[in-house]
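Morning, everyone. Please look at the model on the screen while I talk. I will go from the whole chain to its details.

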Amino acid sequence: MTWEEQFGELIEQVDAFLDKTLPSEETYPQSLHRAMRYSVLGRGKRLRPILVMAAARTCGTDPALVLPTAAGIECIHAYSLIHDDLPVMDNSDERRGKPSCHLVFGEAIALLAGDALQALAFELIASNGFDLGLRPQEVLRVVKEVAQACGSQGLVGGQVGDIESQGCQPNQEMINYICSRKTGALIQASVKAGAILARAGEDRIAVLSQYASHLGIAFQIVDDILDLVGNPEKMGKRVGQDEAKHKATYPAAFGLEEAKRKVSKEVAAAISLLQIFGRKADLLRRIADFLLHRDH
Ligand code: GRG
């Protein structure tokens, strides 16, 4: 099987799981469930769930066993995108090639769909750990990792940094803060969750966490590069928004070429950490490589 086929198979598993797990559109309150399904199902890259599954495989566990956690983290990601697009945040009208959730369902339902996705995520994550027979401390550790990634020192903190830095003279410290929280935190939690669920030792969890930290920074810088030079059709959203809002991004502060060099360096650092896992980490290597060449 080629790498593309392997990734395709994982994405299919994630999509099928999400489809059967999200409440149906016929279940009351229909508007909320329609908004949740609209935002989660469809054109996402599924990077975070694939990372959960690839980390589990790297630590010797069948990726299918961690599907609920993988799907839960995708629900949190979808939640962050819904809220990010709201008029009080980025005010974006397009996401994943479709009108943003709030344009279709209204702001109140969009806000609540995000909230409900977060609750569903933690339900899935907790159930997964118990169903795998993990000790309560381990189940709670996964929950804690993901909760921390979402909170004021994670996604939410990064989003505040992103908002408050608009129009400021960007510096390295500020940009690192934003990249590592807004994007890196959930990427790191995905990899750690996969490793903890696979009962990996502390040393291995620590190495994978470092891998994910490099990956998260690289991923956000590529996102910022694509906002400058990407193709809106492939991206499924408008480009040029960061520049228009004077956002503190790596390419804005250091230029496009330096941003590309930084991405290569971060990806190389991520891949070099995987040596101790041998061939078992091939999926994680491929993910890092994909990131280097992605165009959406
Ligand atoms: C949900 C915990 C939580 C907080 C809400 C709005 C907000 C606070 C945070 C925003 C975080 C945000 C939108 C970060 C951007 C991260 C990013 C690079 C998104 C794009 O991810 P891709 O490219 O998207 O993986 P697809 O559509 O492929 O899934």
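First, a definition. Helices (H or I, at least four residues) and strands (E, at least two) are DSSP runs, numbered from the N terminus. What does the secondary structure of the chain come to? It comes to 15 helices and two strands.

A word on the source. This is a predicted model, where local features need pLDDT of at least 70, side-chain atom pairs count only at pLDDT 80 or more, and totals for chains, interfaces and linings use all residues. Residues are numbered from 1 along each chain as its sequence is written, and side-chain values use heavy atoms, with hydrogens and water left out.

Now the overall size. The radius of gyration of the chain is 18 Å, close to the 19 Å from the globule rule for 296 residues, so the chain is as compact as a globular protein of that length. That radius is taken over C-alpha atoms, and the rule is 2.2 Å times the number of residues to the power 0.38. Along its principal axes, the C-alpha trace spans about 50 × 50 × 35 Å.

A cavity, on a 1 Å grid over the protein atoms alone, is a set of points where a 1.4 Å probe fits but cannot get out; a pocket is an open set with protein on both sides within 12 Å along at least five of seven lines; lining residues have an atom within 4 Å of a point. Grid points are joined across faces, edges and corners, and a volume is the space filled by probe spheres set on the points.

The whole structure has one cavity of 30 Å³ or more. The largest cavity holds about 100 Å³ of space. Its lining includes Tyr38, Asp85, Arg96 and Cys101. Which elements give two or more residues to that lining? They are α2 (30–40), α4 (67–85) and β2 (98–99). Helix α4 gives the most, with four residues. By class, the lining has six nonpolar, two polar and four charged residues. Here Ala, Val, Leu, Ile, Met, Phe, Trp, Tyr, Cys and Pro count as nonpolar, Asp, Glu, Lys and Arg as charged, and the others, Gly among them, as polar.

Stay with Arg96. This residue sits in the loop between β1 and β2. Asn91 lies in the loop between α4 and β1 (94–95). Then there is the bond from Tyr28 to Pro29: this peptide bond is cis, with omega near -5°. Pro29 lies in the loop between α1 and α2. For background, most residues other than glycine have a negative phi, and most peptide bonds are trans.

On to the second largest pocket. It has about 210 Å³ of space. Of its 13 lining residues, the closest to the centre are Asp242, Glu243, Lys247, Thr249 and Ala252. Helix α10 gives the most to this lining, with three residues. The lining divides into six nonpolar, two polar and five charged residues.

Last, a helix pair. Helix α1 (residues 3–21) and helix α15 (residues 282–293) pack at an angle of about 100°, with their axes 11 Å apart. Axes are lines fitted to C-alpha atoms, for helices over the stretch in contact, and angles run from 0 to 180 degrees between N-to-C directions.
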